[in-house]
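The report below takes up the ligand site, then the backbone, then a few separate residues.

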Amino acid sequence: MRDWTDILTHLGEHDLPKALPIVPPIVQSSNFAYHSVADFRAAFLQELDHHLYTRGNNPTTDILRQKLAALENAEDALVLSSGSAAIAVSVLGQVQAGDHIICVQKPYAWTYKLLENFLPRFEIETTFVDGRDLAAIEAAYRPETRLLFLESPNSLTYELQDLQACAQWAQQRGVTTIIDNSYCSPIYQNPIDYGIDLVVHSGTKYLGGHSDVVFGAICGKRAMIHRLFESEFMTLGTCLSPNDAWLVLRSLRTLPLRMERCFETTQRVVAQLRQHPKVERIWYPWDDSFEQYELAKQQMRGAGGLFSVQFKADSIEQMEALCNRLSAVFPMAVSWGGHESLQVPTCVFYNMPDREAPPLPYTFVRYYVGLESADYLLKAFEEALHHL
Ligand SMILES: *Cc1c(COP(=O)(O)O)cnc(C)c1O
């Protein structure tokens with residue numbers, strides 16, 4: 001009789017499927033077995049090309065890495081447990097004590113915290129500049145500048161940077177470039193085509209697309225990705241679980257469809273809203289009223305579902321009433337890129353204890369347009385604005 005411990009440990013586990021499954025399996029295993037010392041050694045020598053340990057690489061996350069690299073016209077990619085992890089790992093990989101970073105003004109909040117609060121503890125300084133102006137970037141340059149961090153467009157007021165001009169400037173200065181490309185997703189912008197070194201994503205947004213996974217990605221040249229893998233990525237241990245990677249693989253099947261839908265609906269909603277007498281101003285990069293529209297058309301293929309509005313309201317109370325009324329169709333929530341429309345009203349940040357009022361007026365609201373129909377969303381605006 002077979003030893004029962006052998007039954008429990010090995011029996012039946014090596015019969016691979018006779019036909020490949022249409023959907024890749026979730027390989028929920030922390031480690032991977034080898035049966036020759038030579039193969040085991042090879043896995044240690046080039047861990048990113050093998051499956052050795054899931055903090056490093058795993059068959060399910062590996063498929064996601066390949067797809068994201070290809071979508072960004074990059075040679076390789078890493079997937080991580082959040083967009084913020086992707087930003088932290090990619091930035092930490094470029095700098096050491098005494099170095100200087102140039103970053104665009106008003107980057108994503110946790111990018112700002114990393115650069116403004118965290119890195120100074122290790123004697124790394126950051127200058128924040130208006131990224132619309134290459135002269136401002138040049139003016140901030142120092143001999144110890146190592147990194148130019150871009151975010152184009154940003155996800156609140158949508159300022160762009162000229163990616164080709166920034167990449168050329170940085171190459172001449174020997175400065176590495178990183179861009180947060182979450183706003184466009186790889187469907188609407190590929191910064192590597194313009195010479196940017198590393199592209200990071202909050203995959204929580206469009207790539208995941210269903211508001212159920214938090215994840216991030218770093219895409220770039222193979223040598224840079226390998227360096228990050230061997231050092232910051234493996235040390236900080238911010239890997240993505242195989243389960244979550246599998247959910248994202250499923251989401252990616254519909255990425256272009258979802259992006260196109262958000263883009264089309266948003267254009268219709270913006271075109272209609274800008275006519276409304278209660279609307280003071282609209283921010284949307286794919287609109288001829290947007291000051292960098294020409295640049296947007298030059299380097300982006302579309303603009304997705306984020307836009308912002310400033311309303312004609314006379315008090316915070318009026319704004320709160322408007323947002324509350326809209327919340328049946330535009331619930332108030334952070335994040336974006338999922339199936340559901342959302343709003344982040346600036347008035348929420350007013351009247352907070354121990355917190356300064358934000359630089360934006362309380363009449364400003366950031367909207368995200370999900371997969372609902374334009375008519376349904378416009379009807380909600382019409383009804384809510386009727387009371388303003
Ligand atoms: C959400 C977001 C991030 C952070 O991503 P997480 O997945 O939440 O860690 C970074 N940049 C931008 C532009 C974002 O919108």
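## Elements and model

Helices (H or I, at least four residues) and strands (E, at least two) are DSSP runs, numbered from the N terminus. The model shown here is predicted.

## The ligand and its shell

Which residues come nearest to the ligand? Of the 13 around it, these are G83, S84, D180, T204 and K205. By class, the shell holds four nonpolar, six polar and three charged residues. Helix α4 (residues 83-92) gives the most to this shell, with three residues.

Where does the ligand sit in terms of pockets? The space taken by the ligand is the largest pocket.

## Polar side chains at the ligand

In T204, a side-chain N or O atom is 2.6 Å from an oxygen atom of the ligand. In S202, a polar side-chain atom lies 2.9 Å from a ligand oxygen. In W336, a side-chain N or O atom is 3.4 Å from an oxygen atom of the ligand. The ligand taken alone exposes 380 Å², and the protein buries 90% of that.

A polar contact is a pair of N or O atoms within 3.5 Å. The W336 pair, at 3.4 Å, therefore falls within that cut-off.

## Backbone details

Which peptide bond is cis? The bond from S152 to P153 is, with omega near -10 degrees. P153 lies in the loop between β4 (145-151) and α7 (163-173).

Next come two residues with positive phi. N73 has a phi of about 50 degrees, although N73 is not a glycine. N73 is in the loop between α3 (59-71) and β1 (76-80). K106 is also not a glycine, and its phi is positive, near 50 degrees. K106 is found in the loop between β2 (100-104) and α5 (109-118).

How exposed are these two? N73 counts as partly exposed because its relative accessibility is 43%. K106 is partly exposed too, with a relative accessible area of 47%.

Is A33 buried or exposed? A33 has 65% relative accessibility, so it counts as exposed. Its place is the loop between α1 (4-9) and α2 (37-45). V334 is exposed as well, with a relative accessible area of 70%.

Is A380 buried or exposed? A380 counts as buried, because its relative accessibility is 13% and buried means under 20%. A380 is found in helix α14 (residues 374-386).

H51 is partly exposed, with a relative accessible area of 24%. H51 is placed in the loop between α2 and α3.

## Sequence and space

Chain separation and spatial separation can be set side by side. A33 and H51 are 18 residues apart in sequence, and their C-alpha atoms are 8.9 Å apart. H51 and R121 are 70 residues apart in sequence and 36 Å apart in space, C-alpha to C-alpha.

For A380 and H100, the chain separation is 280 residues, and the C-alpha atoms are 48 Å apart.

Conventions. Residues numbered from 1 in each chain as written. Predicted model: local features only at pLDDT ≥ 70, side-chain atom pairs only at ≥ 80, totals over all residues. Heavy atoms only, no water. Near = heavy atom within 4 Å. Polar contact = N/O pair within 3.5 Å; in protein donor to acceptor, adjacent residues only side chain to side chain. Areas by Shrake-Rupley, 256 points an atom, 1.4 Å probe, with all protein chains shown as cover. 1 Å grid on protein atoms, 1.4 Å probe; cavity = no way out; pocket = protein on both sides within 12 Å on 5 of 7 lines; lining within 4 Å. Sits in = over half its atoms within 2 Å of the grid points. Nonpolar A, V, L, I, M, F, W, Y, C, P; charged D, E, K, R; others polar. Buried < 20%, exposed > 50% of the residue type's maximum accessible area, 1.4 Å probe, protein only.
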